[in-house]
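Please open the model in the viewer and keep the selection tool at hand. The tour below moves from stop to stop, stating at each what to select and what is found there.

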Amino acid sequence: MRRFIRDNSLSLFFLIAFLLALAGQSVAGNADVNARRLSEGSAPISWPTYVTSSDFAVDVAENWQSEYLQFLLFILVTVWLVQRGSPESKKPGEEGREGDAEQRIGRHALPGSPGWAKATGLRQTLYGNSLGLLMGVIFVLSWLGQSVAGNAAYNERQLAQLQDPVSWAGYVVSADFWNRSLQNWQSELLAVLSMVVFSVYLRQRGSPESKPVGASHDTTGTGG
Amino acid sequence: MRAAVPAAKGPTGAKWSPEVRAMFVTTVAVITVGLICFLVIGLLHR
């Protein structure tokens, strides 16, 4: 058990922190909704009702989709684009998908390489893009979830104000949907920009997200 | 942000340790449950 915790401490930390933050969001969100409902003369709703409401679902989904879009873009764009001096980047001149030997695939696979890396054809293509594919699928499904839950939440507000509800197709071109999406995207993109640029000149001793403290500002793509 | 390159595991191939596989499966399960919840809740409240 102790070895399990030590070997997986990074994943466990983020899993537990995620669950605590989600629980906190549900409590704070429920209080926020109830304050608004009271000011509108409506009865407050219970916590179980709130966590199964479209209001809560859309708030969670809109943040999920933006995070997965951020990682999807970071994974894919760093294949072809570089930032000299950043530990998050490949070295200038190494842009692109790289050769089979560098990627240790097919006949260049090592004894310990995953089975699908040793394979050729569709299996190798799928496995060679599996990280981006999974992030992309989660992004698309989260964004779809945001649109469906957001549509339901939007229509509840419309009906409460004696306004016409909108269809899903109408909602995905609405200001509410794009305001929710873009407000999350802008912050994620700024955070990635900051990480790429700040890590050229700044260091965090011991972190693999940083270059070694003594590495030169010109050093690209070296964790420490 | 940057995934570490896993160490080579020897001639038996890339076997997942049960513990790391448990973390992978848990993470995928949490995400899958979340995605299903978004869609089901959204559809139920239409």
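Select R104(A), which is partly exposed because 16 other C-beta atoms lie within 10 Å; a residue is buried if 20 or more other C-beta atoms lie within 10 Å of its own, exposed if 12 or fewer, and partly exposed in between, with C-beta atoms placed from the backbone. R104(A) belongs to the loop between α5 and α6 (115-118) of chain A. Helices (H or I, at least four residues) and strands (E, at least two) are DSSP runs, numbered from the N terminus. Although R104(A) is not a glycine, its phi is positive, at about 55 degrees. Most residues other than glycine have a negative phi.

This is a predicted model, in which local features need pLDDT of at least 70 and side-chain atom pairs count only at pLDDT 80 or more, while totals for chains, interfaces and linings use all residues. Residues are numbered from 1 along each chain as its sequence is written, and chains are lettered from A and ligands numbered from 1 in the order in which they are written.

Next, select E98(A), in the loop between α4 and α5 (100-103) of chain A. The phi of E98(A) is near 70 degrees, a positive value in a residue other than glycine. Is E98(A) buried or exposed? E98(A) is exposed, with 12 other C-beta atoms within 10 Å.

**Helix α2 of chain A**

Move to G29(A), which lies in helix α2 of chain A. With 18 other C-beta atoms within 10 Å, G29(A) is partly exposed. Which residues does G29(A) touch, not counting residues up to four places away in sequence? They are Y50(A), F56(A) and D59(A); two residues are in contact if their C-beta atoms, placed from the backbone, lie within 7 Å. Draw a distance from G29(A) to V51(A): the two are 22 residues apart in sequence and 9.0 Å apart in space, C-alpha to C-alpha.

A31(A) is also a stop in helix α2 (residues 9-39) of chain A. A31(A) is partly exposed, with 13 other C-beta atoms within 10 Å. A distance drawn from A31(A) to V166(A) gives 27 Å, C-alpha to C-alpha, for residues 135 places apart in sequence.

**Helices α4 and α8 of chain A**

Two packed helices are described by the angle between their axes and the distance between the axes. Select α4(A) together with helix α8 (residues 130-160) of chain A; they pack at an angle of about 155 degrees, with their axes 7 Å apart. Axes are lines fitted to C-alpha atoms, for helices over the stretch in contact, and angles run from 0 to 180 degrees between N-to-C directions. The two helices, α4(A) and α8(A), are therefore roughly antiparallel (under 35 degrees counts as roughly parallel, over 145 as roughly antiparallel, 65 to 115 as roughly perpendicular and the rest as oblique). Their crossing is left-handed, a term used if the near helix is turned anticlockwise from the far one by less than a right angle, with right-handed used if clockwise. The contact of α4(A) with α8(A) has 18 nonpolar, eight polar and three charged residues; Ala, Val, Leu, Ile, Met, Phe, Trp, Tyr, Cys and Pro count as nonpolar, Asp, Glu, Lys and Arg as charged, and the others, Gly among them, as polar.

Now select chain B, which has one helix and zero strands. Of its 46 residues, 7% count as buried. The mean pLDDT of chain B is 76, and 70% of its residues reach 70 or more; pLDDT is the predictor's confidence in each residue, from 0 to 100. Over residues 3-12 of chain B the pLDDT is below 50, and this stretch has ten contacts in the model beyond near neighbours in sequence.

S17(B) is in the segment before α1 of chain B. S17(B) is exposed, with 12 other C-beta atoms within 10 Å. From S17(B) to I41(B) the distance is 36 Å, C-alpha to C-alpha, across 24 residues in sequence.

For the complex, the predictor gives an ipTM of 0.80 and a pTM of 0.89. How many residues does the contact take from each chain? It takes 24 residues from chain B and 31 residues from chain A. The side of chain B that touches chain A has 14 nonpolar, six polar and four charged residues.

Finally, select helix α4 (residues 54-80) of chain A and helix α1 (residues 18-44) of chain B, which pack at an angle of about 140 degrees with their axes 9 Å apart. That angle makes α4(A) oblique to α1(B). The contact is made by S54(A), A57(A), A61(A) and W64(A) of α4(A) and by G34(B), C37(B), F38(B), I41(B) and G42(B) of α1(B).
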